[in-house]
Amino acid sequence: MPEPGVRANGFFWFSCCCASITGARLGEVLALDERRDIDFLRGVVIIPDGSEKREVPLPKEVIARVRSYCVRYDVGSDQSGERIFDLDQGFIRPQILRAVRNAAVFPKPFSIPGYLRNSRAIELLQGGMPMRRCRCCWGIPKPTTRHPT
């Protein structure tokens, strides 16, 4: 049986990794169920978004690490009842803020999960991801244009 800290660090790592790669909101990530919302064969995470669902690809390394973690620690099985993403926002949000501040990646006022989400979207757009694909993955509605009359 692993030490409690090892399990908690694994849960934290997967939650942060999933949030940063998929651009999902923190609440969306913490609502994921690895049995239902991660398609290990296709390498995608399925994020419920109201009545819709959006599929976001995950790197093969992340999929492999999640799968091996679930098998090694018996997480996500019907018998264990444990979920990787079953964390309290009141617990994980300060952990994210502390990690970002310690890494000195962003100025202090911007050390929030929403800022990380937006930064990742900008990074993907600058890397050549089409705007339509980015909006679809991030669950951003199509922008509306209002013209003054």
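## Salt bridges

In this predicted model, the structure contains six salt bridges. One of them pairs Asp33 with Arg35, with 3.3 Å between the closest N and O atoms. Asp33 has a relative accessibility of 10% and counts as buried, whereas Arg35, at 44%, counts as partly exposed.

Another salt bridge joins Arg42 to Glu55, and here the closest N and O atoms are 2.2 Å apart. This pair links distant parts of the chain: Arg42 sits in the loop between β1 and β2, while Glu55 belongs to strand β3, 13 residues apart. Arg42 is partly exposed, because its relative accessibility is 49% and the class of exposed residues begins over 50%. Glu55 is also partly exposed, at 35% relative accessibility. Elsewhere, a network of salt bridges links Arg25, Glu28 and Arg54.

## Asp37 and its surroundings

Asp37 lies in helix α3, which spans residues 34-37. Its relative accessibility is 2%, so Asp37 counts as buried. Arg36 forms a salt bridge with Asp37, and the closest N and O atoms are 2.9 Å apart. The two side chains also make a polar contact, at 2.9 Å.

Which residues does Asp37 contact, leaving aside neighbours within four places in sequence? They are Ala31, Leu32, Val44, Val45, Ile46 and Pro48.

Three strands form an open sheet in the order β1-β2-β3, with antiparallel pairing. Its edge strands are β1 (38-39) and β3 (52-57), each of which pairs on one side only.

Ile38 has Val45, in β2, as its bridge partner.

## The aromatic pair

The count of aromatic pairs comes to one. Phe14 and Tyr69 form this pair, with 5.0 Å from centre to centre and 70° between the planes, an edge-to-face arrangement. Phe14 lies in helix α1 (residues 4-22) and Tyr69 in helix α4 (residues 60-73), so the pair ties together parts that are 55 residues apart in sequence.

Are the two partners, Phe14 and Tyr69, buried or exposed? Phe14 counts as buried because its relative accessibility is 3%. Tyr69 is buried too, with a relative accessible area of 9%.

## The chain as a whole

The protein chain has seven helices and three strands. Along the sequence these follow the pattern α-α-α-β-β-β-α-α-α-α.

Of the 149 residues, 38% count as buried. Among contacts with a separation of 6 or more, 54% are between residues 24 or more positions apart. The accessible surface of the chain is about 9500 Å², and 56% of this surface belongs to carbon and sulfur atoms.

Key. Residues are numbered from 1 along each chain as its sequence is written. This is a predicted model: local features need pLDDT of at least 70, side-chain atom pairs count only at pLDDT 80 or more; totals for chains, interfaces and linings use all residues. Side-chain values use heavy atoms; hydrogens and water are left out. Helices (H or I, at least four residues) and strands (E, at least two) are DSSP runs, numbered from the N terminus. Buried means under 20% relative accessible area, exposed over 50%, partly exposed in between (1.4 Å probe, protein chains only). Contact means heavy atoms within 4.5 Å. Accessible areas come from the Shrake-Rupley method with a 1.4 Å probe; for residues, only the protein chains shown count as cover. A polar contact is a pair of N or O atoms within 3.5 Å; within protein, one must be able to donate a hydrogen and the other to accept it, and residues adjacent in sequence count only if both atoms are side-chain atoms. Rings of Phe, Tyr and Trp (its six-membered ring) pair if their centres lie within 6.5 Å; planes under 30 degrees apart count as stacked, over 60 as edge-to-face and the rest as tilted. Two strands pair if DSSP finds at least two bridges between them. A salt bridge is a side-chain nitrogen of Lys or Arg within 4 Å of a carboxyl oxygen of Asp or Glu.
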